[in-house]
Amino acid sequence: MNNSADIRKENKKTIYRLMLGGGTYTKQQVAIGTGLSVATCNTLLNDMQRQGIILGGDKLPGEVGRSSILYRIREDHESYLAVHFYMEQGRRFIETLVFSAVGRIIFREKQMPEYVDYEEIEKVIAKSVGQIPNITRIVVGTPSIAENGIIRHCDIPELENTPLKEKLEDRFHINVLIENDMHHKAYGYYMKHDDQDAVITLAYFPEHILPGTVTIHKGTIIKGANCFAGMTGFLPYNISRKELLTMLEPERCMPFIAQSLSAIIVLLNPGLIVLTGSLISPGMLECIKKKCGESIPPEYMPKFKAVDSFDEFYVEGMYQLAVDRKEI
């Protein structure tokens with residue numbers, strides 16, 4: 001059972017999440033929106049105002065009394081730095097974003113260095129930290145397994161086995177959150193859609209790079225014991241991984257896509273599979289469904305949807321996971 005301090009923190013987070021919706025709120029509106037009592041909201045809002053997290057200002061027109069004061073999140077009370085790196089058509093990229101407390105992007109930059117090793121990542125982070133002093137969390141998206149903050153099985157070989165979380169926290173003394181890139185994307189997709197009870201799989205199929213999937217089950221990302229869940233590039237395809245990479249091209253990829261998705265359907269039973277990547281086009285969906293239907297009964301077949309990219313969900317997911325880890 002949570003103690004009173006934990007409950008207090010959870011209630012503050014509930015209020016904070018409500019107010020991230022934008023605008024201003026009275027204590028009564030916060031109480032209605034969160035299900036907490038007005039007295040509890042009064043205490044917690046005053047506490048959050050003392051912490052500098054929210055501001056209390058004008059009153060509602062024609063209203064009198066303390067209860068009519070309007071509260072809003074103080075946008076500049078902290079910022080979040082997000083960094084992600086990836087390979088695309090043999091080139092390396094690093095993108096850096098800084099979010100205000102309410103999710104507004106206040107800085108964004110993309111670079112294409114020759115190598116993306118620890119020193120390169122440290123350099124781009126140092127630039128942002130030097131320019132924006134109120135960064136309280138660093139969020140990292142990586143095309144790899146990121147168990148305990150260590151990069152493994154990465155698309156970018158020079159990062160292999162780098163203890164990235166430990167090194168960055170030692171260098172900057174800022175809390176670092178590292179997740180597989182697909183985890184960020186899935187959480188961003190979930191947060192942008194209304195169905196909180198949905199079971200959704202995002203699947204990424206690029207050319208000549210191992211595919212990856214992630215499933216989010218009613219708001220919880222399924223990571224597995226070692227953050228390995230969804231790494232369908234490691235399924236037994238009866239060929240070596242090196243051969244598989246050569247066959248991940250438009251003319252030869254369909255059997256591998258169908259096998260990958262059939263495994264996900266059997267094991268995780270999503271209601272929707274959202275696909276993207278250079279191997280995917282909207283015209284392929286019926287073929288994918290037909291191939292999966294060779295082994296999956298029709299009553300358990302999910303819906304399939306193709307999108308141009310997961311970029312907007314990636315950005316949203318990095319911000320939302322930073323908010324989730326916020327201490328209030």
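This is a predicted model: local features need pLDDT of at least 70, side-chain atom pairs count only at pLDDT 80 or more; totals for chains, interfaces and linings use all residues.
View 1. Lys 12 sits in helix 1, which covers residues 4-19. With a relative accessibility of 5%, Lys 12 counts as buried. Look around Lys 12 and, leaving aside residues up to four places away in sequence, you will find that it touches Leu 44, Asp 47, Met 48, Gln 51 and Ile 328.

**View 2. Helix 8 crosses helix 9.** Two packed helices are described by the angle between their axes and the distance between the axes. For helix 8 (residues 254-268) and helix 9 (residues 285-292), the axes come within 9 Å and cross at roughly 60°. Helix 8 is therefore oblique to helix 9. The crossing of these two helices is right-handed. On the helix 8 side, the contact is made by Met 254, Ile 257, Ala 258, Leu 261, Ser 262 and Ile 265. Helix 9 contributes Cys 287, Ile 288, Lys 291 and Cys 292.

**View 3. Cys 287 and Cys 292, two cysteines of the helix 9 contact.** A disulfide is a covalent bond between the sulfur atoms of two cysteines. How many disulfides does the count come to? The count comes to zero. For Cys 287, the closest cysteine sulfur belongs to Cys 253 and is 9.2 Å away, which is too far for a bond. Cys 292 is in no disulfide either, and its nearest cysteine sulfur, that of Cys 287, is 9.5 Å away. Are these residues buried or exposed? Cys 287 is partly exposed, with a relative accessible area of 38%, whereas Cys 292 is buried at 0%.

**View 4. Ser 144 and Asn 148 in the loop between strand 6 and helix 5.** This loop runs between strand 6 (135-142) and helix 5 (164-172). Ser 144 counts as buried, at 1% relative accessibility. Its side chain is joined to that of Thr 142 by a polar contact of 2.6 Å. Not counting residues up to four places away in sequence, Ser 144 touches Ile 151, Arg 152, His 153, Cys 154 and Asn 180. Asn 148, by contrast, counts as exposed, at 66% relative accessibility. Take a look at its backbone too: phi of Asn 148 is near 55°, a positive value in a residue other than glycine. Most residues other than glycine have a negative phi.

View 5. Val 199 belongs to strand 8, residues 199-204. Val 199 is buried, with a relative accessible area of 16%. How far apart are the C-alpha atoms of Val 199 and His 217? They are separated by 4.6 Å, although the two residues are 18 residues apart along the chain. Setting aside residues up to four places away in sequence, Val 199 touches Thr 215, Ile 216 and His 217, along with Leu 268, Asn 269, Pro 270, Gly 271 and Leu 272.

**View 6. His 208 in the loop between strand 8 and strand 9.** His 208 is not a glycine, yet has a positive phi of about 60°. His 208 is partly exposed, with a relative accessible area of 38%.

Key. Residues are numbered from 1 along each chain as its sequence is written. Side-chain values use heavy atoms; hydrogens and water are left out. A disulfide is a pair of cysteine sulfur atoms within 2.5 Å. Buried means under 20% relative accessible area, exposed over 50%, partly exposed in between (1.4 Å probe, protein chains only). Helices (H or I, at least four residues) and strands (E, at least two) are DSSP runs, numbered from the N terminus. Contact means heavy atoms within 4.5 Å. Axes are lines fitted to C-alpha atoms, for helices over the stretch in contact, and angles run from 0 to 180 degrees between N-to-C directions. Angles under 35 degrees count as roughly parallel, over 145 as roughly antiparallel, 65 to 115 as roughly perpendicular and the rest as oblique. A crossing is left-handed if the near helix is turned anticlockwise from the far one by less than a right angle, and right-handed if clockwise. A polar contact is a pair of N or O atoms within 3.5 Å; within protein, one must be able to donate a hydrogen and the other to accept it, and residues adjacent in sequence count only if both atoms are side-chain atoms.
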